Every structure is written in structure tokens, then in C-alpha cells.
Amino acid sequence: MSIFPAAALASVLALAACSPAFNWREVRPEGTRLSLLLPCKPDKAQKVVPLGGRPATLAMLGCDAGGATFAVAVADVGDAAKAASVLALWQALTLANMKAAPGSGQPLALRIPGAPPGMPASRVQAQGQRADGTAVSGQAAYFAQGSQVFQVVMYAPQIAPEVAETFFSSLKLE
């Protein structure tokens with residue numbers, strides 16, 4: 001058996017996160033200390049949603065690349081003491097929206113450079129369905145910085161581990 005095919009396969013897999021489908025760029029959601037990488041030029045949107053018992057403006061950045069959707073959303077709930085409960089509810093609603101399979105929502109490690117000790121943070125992965133019934137995989141991080149709450153998420157039919165690693169390991173608070 002030749003080592004060339006194995007080496008070629010390893011090279012192809014290593015380049016997947018750097019393919020032309022993924023043009024990684026640093027973004028900083030306005031009014032936050034967060035920076036992260038998105039694989040495409042993001043669109044921006046805002047809407048008012050009920051969070052923490054009051055209306056809050058949810059600002060979003062998102063884009064589609066390589067068959068996946070990438071997004072970051074941030075809102076200020078007005079009180080840092082409400083952040084953990086708002087994040088838990090947000091996570092539960094996201095899993096319900098994607099009709100996550102029972103047992104989905106498996107926790108993953110989440111480390112955010114620059115985050116203060118004790119900051120509420122979690123990362124989950126789940127399998128579910130889109131509104132049209134097609135299968136979808138999702139990974140999402142939920143965390144807070146003071147009274148700001150964040151959701152960083154990616155959805156795809158299948159999530160490439162190296163793409164998820166590039167995306168989620170880029171999170172940092174400055």
C-alpha cells in the first residue's frame with residue numbers, strides 16, 4: 001500500500017476549511033467586545049424580540065458558505081443577572097425550533113479567550129429538521145458579556161468538524 005493516497009487524502013481534508021467556499025474574515029458585532037471569523041461577507045439584520053421579560057433589539061450577522069449557514073446574534077437584556085436564564089431559554093427554543101432529536105443538544109467544550117471567570121457559556125450540537133422537513137445538523141454557542149447575550153450558530157446537512165473548529169475557536173472577547 002502506498003502512502004501517497006493516504007497523504008493526498010490528509011491534504012484534501014486539511015484544506016477543506018480553507019477551500020474557496022470559505023473565505024474566512026474577522027467580524028466584530030457592533031457595540032460588543034466580540035470578534036469571530038465568518039466564512040463569507042455577512043448580511044446584517046435587526047429585530048425586536050422578548051428577552052428576559054422585556055423587548056430587546058436582537059442584532060444579527062449571518063451568511064451562507066459551503067452549504068452551511070453561519071450566524072451570530074446579540075441582544076442586551078439590560079441586567080447581567082438575567083443573562084444565564086435568558087441563554088438557557090434561548091438554547092431550549094433553538095433546539096425546539098430545529099425539532100432536535102431526543103437526546104440531541106449534546107454539550108461540547110467552549111473556551112472563549114478574554115472571557116471573565118464564571119461567565120455563563122455553553123456549546124451544543126444537535127440533529128434535527130428544517131421547516132421543510134429536511135435533516136439538519138446544528139452547533140451553537142451561547143454566552144454572555146455583562147448584560148449582552150450571544151448566540152453563535154452554524155447549520156448544515158452535515159457539519160465538517162474542521163469547519164466547526166475554525167468557526168467556534170475564533171470566538172474571543174477583547
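1. A cavity here is a set of points, on a 1 Å grid over the protein atoms alone, where a 1.4 Å probe fits but cannot get out. Keep in mind that this is a predicted model, where local features need pLDDT of at least 70 and side-chain atom pairs count only at pLDDT 80 or more, while totals for chains, interfaces and linings use all residues. Residues are numbered from 1 along each chain as its sequence is written, and side-chain values use heavy atoms, with hydrogens and water left out.

2. The largest cavity holds about 50 Å³ of space, a volume being the space filled by probe spheres set on the grid points, which are joined across faces, edges and corners. Its lining, meaning residues with an atom within 4 Å of a point, includes Thr94, Leu95, Val124, Gln139 and Tyr155. At least two lining residues come from each of α2, β7 (121-129), β8 (135-145) and β9. These labels are DSSP runs numbered from the N terminus: helices (H or I, at least four residues) and strands (E, at least two). By class, this lining has 7 nonpolar, 4 polar and no charged residues. For the classes, Ala, Val, Leu, Ile, Met, Phe, Trp, Tyr, Cys and Pro are nonpolar, Asp, Glu, Lys and Arg are charged, and the others, Gly among them, are polar.

3. Now the pockets, which are open sets of points with protein on both sides within 12 Å along at least five of seven lines. The largest pocket has a volume of about 520 Å³. It is lined by 20 residues, and Leu58, Trp90, Thr94, Asn97 and Gln151 are the closest to its centre. Helix α2 (83-97) is among the elements that supply at least two residues each, and it gives the largest share, 6 residues. The lining divides into 14 nonpolar, 5 polar and 1 charged.

4. The second largest pocket comes to about 350 Å³. Of its 19 lining residues, Pro29, Glu30, Gln46, Ala59 and Val74 lie nearest the centre. Strands β3, β4 and β5 each give two or more residues to this lining, with β4 giving the most, 5 residues. Here the classes are 11 nonpolar, 4 polar and 4 charged.

5. Have a look at strand β2 (residues 34-38) too: 4 of its 5 residues are buried, so it is largely enclosed by the rest of the structure. Buried means under 20% relative accessible area with a 1.4 Å probe, protein chains only. Strand β2 runs antiparallel to β1 (residues 25-27), with 3 bridges, and antiparallel to β10 (residues 172-173), with 2 bridges. Strands count as paired if DSSP finds at least two bridges between them. Glutamate 26 has leucine 37 as its bridge partner, while leucine 34 stands opposite leucine 173.

6. Finally, the largest nonpolar core has 29 residues, and Leu36 is one of those with the most contacts inside it. Such a core is a set of buried Ala, Val, Leu, Ile, Met, Phe, Trp, Tyr and Cys residues joined through side-chain atoms within 4.5 Å. Strand β2 is among the elements that give it two or more residues. Leucine 36 touches Val72, Val152, Phe167 and Leu171, among others, not counting residues up to four places away in sequence; contact means heavy atoms within 4.5 Å.

Note on methods:
Buried < 20%, exposed > 50% of the residue type's maximum accessible area, 1.4 Å probe, protein only.
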